[in-house]
Amino acid sequence: MRILRLPDEYLADLIADGPTVIMALRWHARTPAAGDRIHLDTLGHWRVLEILRRERAGFGADLRAVLLANSDA
């Protein structure tokens, strides 16, 4: 498990999908792995559940994630 600390600007889109969200990262953020944690400046700590699409030329990765409670972060 890795912890990736990213500025909010690295997040291109955040779409609610039931109890999870779909995150689209900008092209300059490396693709995390399932189980990794992402810490965003103002949006808190997230656990990556699955990678929907890896980064490709000019675009970042799309992934499914869940917000962690303060005790889980």
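## Terms and basis of the model

A residue is called buried when its relative accessible area is under 20%, exposed when it is over 50%, and partly exposed in between (1.4 Å probe, protein chains only). Strands are DSSP runs of E with at least two residues, and helices are runs of H or I with at least four residues; both are numbered from the N terminus.

This is a predicted model, in which local features need pLDDT of at least 70 and side-chain atom pairs count only at pLDDT 80 or more, while totals for chains, interfaces and linings use all residues. Residues are numbered from 1 along each chain as its sequence is written, and side-chain values use heavy atoms, with hydrogens and water left out.

## The sheet

Strands of a sheet pair through backbone hydrogen bonds, either parallel or antiparallel. Here two strands count as paired if DSSP finds at least two bridges between them. Six strands form an open sheet with mixed pairing, in the order β1-β4-β5-β6-β3-β2. Strands β1 and β2 are the edges, each pairing on one side only. On average, neighbouring strands of this sheet are turned by 35° against each other, direction ignored; for such angles, axes are lines fitted to C-alpha atoms (for helices over the stretch in contact), and values run from 0 to 180 degrees between N-to-C directions.

## Strand β3 and its partners

Of the six residues in β3, five are buried. Strand β2 (residues 11–17) pairs with β3 in the antiparallel sense over six bridges. Within this pair, Leu-11 stands opposite Leu-25, and Ala-16 stands opposite Val-21. The hairpin of β2 and β3 has two residues between the strands, and Gly-18 takes a positive phi near 70° there.

Strand β3 is also joined to β6 (residues 62–67), by four bridges in an antiparallel arrangement. In β6, Asp-62 is the bridge partner of Ala-24.

Leu-4 stands opposite Ile-38 in β4, and Leu-6 stands opposite Leu-40.

## The nonpolar core

A nonpolar core is a set of buried Ala, Val, Leu, Ile, Met, Phe, Trp, Tyr and Cys residues joined through side-chain atoms within 4.5 Å. The largest one has 13 residues, and those with the most contacts inside it are Leu-6, Met-23, Ile-38, Leu-40, Trp-46 and Leu-63. Two or more residues come from each of β1, β3, β4, β5 (44–53) and β6. The largest share, three residues, belongs to β3.

A contact means heavy atoms within 4.5 Å. Leaving aside residues up to four places away in sequence, Met-23 touches several residues, including Leu-11, Ile-38, Leu-40, Trp-46 and Leu-63.

## Ala-34 in a loop

Ala-34 lies in the loop between β3 (20–25) and β4 (37–40). Ala-34 counts as exposed because its relative accessibility is 53%. Residues up to four places away in sequence aside, Ala-34 touches Val-48, Leu-49 and Glu-50. The C-alpha atoms of Ala-34 and Glu-50 are separated by 5.0 Å, although these residues are 16 residues apart along the chain.
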